[in-house]
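This report describes one protein model, one topic at a time. Please look through the sequence and the structure before reading on.

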Amino acid sequence: MSGDSKIGIVGGVGRIAPVRKLAASLASAAASGAATPRAASSGAMPAAGLIRLAGELAAQPAPVDTARVAALRGAIAEGRYALDPAKIAGAMIDRLGGSAD
């Protein structure tokens, strides 16, 4: 999906920072030889790490590209925001993995 798409992730903004932070701390602990609790041979993340990650994600505000929102509001107010139903339907089908045929 292109970056200027009117459907999908707003400006590609996501919540990856807490995941990277947790991954870095787990990698650091593993490199230092510290024991990290793991689920029995499943390779799952430690429960405490998952709980901490969930808390960090919940504490963050929703990701919003405020510049993109302002540009869209301006375009709507000025009547420059054109909707193409066929393009919207095609993007929905592509996103859901279907076929337009």
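## Surface and burial

The protein exposes about 7600 Å², an accessible area found by the Shrake-Rupley method with a 1.4 Å probe, where for residues only the protein chains shown count as cover. Of the 101 residues, 9% count as buried. Buried means under 20% relative accessible area, exposed means over 50%, and partly exposed is in between, with a 1.4 Å probe and protein chains only.

## Source and confidence

The model is predicted, so local features need a pLDDT of at least 70 and side-chain atom pairs count only at pLDDT 80 or more, while totals for chains, interfaces and linings use all residues. Residues are numbered from 1 along each chain as its sequence is written, and side-chain values use heavy atoms, with hydrogens and water left out.

The pLDDT is the predictor's confidence in each residue, from 0 to 100. Its average over the protein is 74, and 62% of the residues score at least 70. Confidence is lowest in helix H1 (residues 17–31), with a mean of 70, and highest in helix H3 (residues 66–77), with 94. Over residues 1–11 the pLDDT is below 50, and this stretch has 14 contacts in the model beyond near neighbours in sequence; a contact means heavy atoms within 4.5 Å. Residues 37–41 also have a pLDDT below 50, with 6 contacts beyond near neighbours in sequence.

## Overall fold

The protein has 4 helices and 0 strands, in the pattern α-α-α-α along the sequence. Helices (H or I, at least four residues) and strands (E, at least two) are DSSP runs, numbered from the N terminus. Among contacts with a separation of 6 or more, 67% are between residues 24 or more positions apart.

The expected span of a helix is 1.5 Å times one less than its number of residues. For the 12 residues of H3 this gives 16 Å, which agrees with the 16 Å between its end C-alpha atoms. After H3 comes Gly-79, with a positive phi near 75°.

Helix H4 (residues 85–96) also has 12 residues, and its 16 Å reach from first to last C-alpha is close to the expected 16 Å. The number of buried residues in H4 is 1, so this helix lies largely in the open. Gly-97 follows H4 and has a positive phi, near 80°.

## A patch and a salt bridge

Met-92 is in helix H4 and is partly exposed, at 46% relative accessible area. Together with Leu-83 and Ile-88, Met-92 forms a nonpolar surface patch of about 290 Å² accessible area. Patches are made of residues with over 30% relative accessible area and no salt bridge; like charges are joined within 9 Å, and nonpolar side chains (Val, Leu, Ile, Met, Phe, Trp, Tyr) within 5 Å.

A salt bridge is a side-chain nitrogen of Lys or Arg within 4 Å of a carboxyl oxygen of Asp or Glu. The count here is 1. Arg-80 pairs with Glu-78 in a salt bridge, with the closest N and O atoms 2.6 Å apart. Arg-80 is exposed at 54% relative accessible area, and Glu-78 is exposed at 56%.
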